[in-house]
Amino acid sequence: MSEVSASHAAERRELTAAQRNAVAELLRVSPVADELGRRFAQAGHELHLVGGSVRDALLGRLGDDLDFCTDAHPDETIRIIRGWAESIWETGREFGTIGCQRDGLRLEITTFRAEAYDQVSRNPIVEYGTNLVDDLKRRDFTVNAMAVSLPEHRFTDPYGGLADLAAKIIRTPGTPQESFRDDPLRMLRAARFAAQLRFTVHPDVGEAMARMAADLDRITAERIRDEFTKLLCGDDPITGLRLLVDTGLADRFLPELTGLKLEIDEHAQHKDVYEHTLTVVSNAMSMEEDGCDFVLRMAALMHDAGKPATKAVGPDGRVSFHHHEVVGARLTKARMKALRYPKDVTAQVVKLVGLHLRFYGYGRGEWTDSAVRRYVTDAGDLLSRLHKLTRSDCTTRNRRKASQLAADYDALEERIARIAAEEDLARVRPDLDGNAIMELLGVPPGPLVGRAWQHLRELRLERGPLERDEAEAELLRWAREQGVVG
């Protein structure tokens with residue numbers, strides 16, 4: 001058999017497997033989907049399972065959120081599903097979408113669309129379409145431009161999506177230029193699908209992404225944030241991240257990532273900081289316990305973001321990046337704020353970036369129990385993630401050095417466990433509370449009590465738990481030094 005024939009045979013096998021997946025997945029949701037299709041048909045309208053739902057059915061991963069399209073307008077859709085749907089929502093009505101729930105499935109039904117963009121504004125101008133094929137043409141990629149008509153289960157694939165799905169190729173129904181001109185976010189979405197599905201971007205699509213990267217500036221930070229989050233939480237974010245850098249898309253919203261390509265790591269002259277960073281992200285993923293940990297992955301991605309700004313070359317030619325963790329934390333905070341990430345998520349990532357170097361030096365025997373307490377206290381509820389980030393950051397090819405770092409961190413974790421067994425490290429508090437401080441010093445509530453509390457807390461971190469009389473004696477000594485008591 002020739003190579004071409006063998007390739008076609010393999011592709012046919014993949015198509016057959018995909019079709020079997022689709023049948024199995026559709027049978028699972030058919031009671032609801034077919035019943036809905038019959039209601040639309042009885043009302044004189046079409047209904048089609050469409051887009052990502054068809055793609056996911058073919059991949060054998062259809063969830064409980066189903067997307068449909070129809071020639072019925074929103075008011076008609078509501079009339080058809082009223083009394084049948086367990087609940088109805090209209091939050092997407094301005095885009096022609098009506099949502100509802102039935103038997104544990106969330107359904108979104110959208111009127112055929114022929115969207116137009118003025119190529120200046122950030123959002124589409126919605127115009128209703130008149131037929132399925134035109135609706136499919138306006139979709140982002142061929143693998144999302146397939147439909148299954150209900151209730152008869154007729155398959156429609158005018159742009160070769162099934163073949164592209166089998167070949168694991170990301171291609172656009174029309175020209176990439178037209179597609180990306182309509183909605184530049186589709187360029188970022190292409191990278192996201194590469195990360196989520198482990199697909200390859202078609203060369204024409206990749207070239208258009210590189211030429212049109214600046215058009216991403218038309219898109220709101222929130223939409224970019226949502227796509228990037230999905231990319232970073234994909235099964236293969238490294239492929240997606242490389243695509244962002246190679247096409248110049250990263251320069252538009254995450255320039256710190258591209259900037260890492262210019263720097264050489266002083267600890268590993270054989271690789272640049274960019275490659276090191278991608279390896280750290282992969283390492284961090286391998287330590288996740290229950291799906292994507294966005295905070296951990298984002299911290300791994302940004303942990304060395306401060307290196308370009310702190311690079312220095314010493315007289316001996318060695319490169320250093322002193323205090324890059326401090327600068328990196330500041331850059332991370334600014335970047336995540338610009339992308340409109342929630343403050344609590346940003347704070348967690350920033351703290352991990354700022355703490356990721358704290359461990360280095362432990363193996364030299366310089367850490368006291370006080371230093372261990374501070375490490376645990378400063379990390380707080382991020383301690384587990386800090387453990388994972390620190391271990392992920394060891395990417396040296398020197399096996400002896402790697403083994404030593406791993407052994408050092410094992411020793412630190414064992415030491416933390418030992419001290420934690422003796423003290424409540426999760427909640428390091430002074431040995432006297434505010435009421436006791438006020439009673440002993442004879443002062444009312446106010447800033448002085450807070451300063452005394454902080455002093456006792458520092459003492460607790462430095463020396464561990466104190467007996468009551470010892471803590472009182474230390475408080476009175478401090479108060480005399482402060483001139484609070486005679």
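Which residues does L244 touch, not counting residues up to four places away in sequence? Some friendly notes follow.

1. L244 touches L188, A191, F228, L231, L249, A250 and F253, where contact means heavy atoms within 4.5 Å. This is a predicted model, in which local features need pLDDT of at least 70 and side-chain atom pairs count only at pLDDT 80 or more, while totals for chains, interfaces and linings use all residues. Residues are numbered from 1 along each chain as its sequence is written, and side-chain values use heavy atoms, leaving out hydrogens and water.

2. L244 is also among the residues with the most contacts inside the largest nonpolar core, together with F68, F228 and L241; this core has 110 residues. Helix α7 (residues 185–197) gives the most to this core, nine residues. Apart from it lies another core, of 14 residues, including M438 and A479. A nonpolar core here is a set of buried Ala, Val, Leu, Ile, Met, Phe, Trp, Tyr and Cys residues joined through side-chain atoms within 4.5 Å; buried means under 20% relative accessible area (1.4 Å probe, protein chains only).

3. Do look at the open sheet: seven strands with mixed pairing, in the order β3-β4-β5-β2-β1-β6-β7. Strands pair if DSSP finds at least two bridges between them; strands (E, at least two residues) and helices (H or I, at least four) are DSSP runs, numbered from the N terminus. β3 (87–89) and β7 (154–156) stand at the edges with a single partner strand each, so one side of each has no neighbour in the sheet.

4. β3 and β4 (residues 97–102) run antiparallel, joined by three bridges; S87 has Q101 as its bridge partner in β4.

5. In helix α14 (residues 294–302), nine of the nine residues are buried, so the helix is largely enclosed by the rest of the structure.

Note on methods:
Buried < 20%, exposed > 50% of the residue type's maximum accessible area, 1.4 Å probe, protein only.
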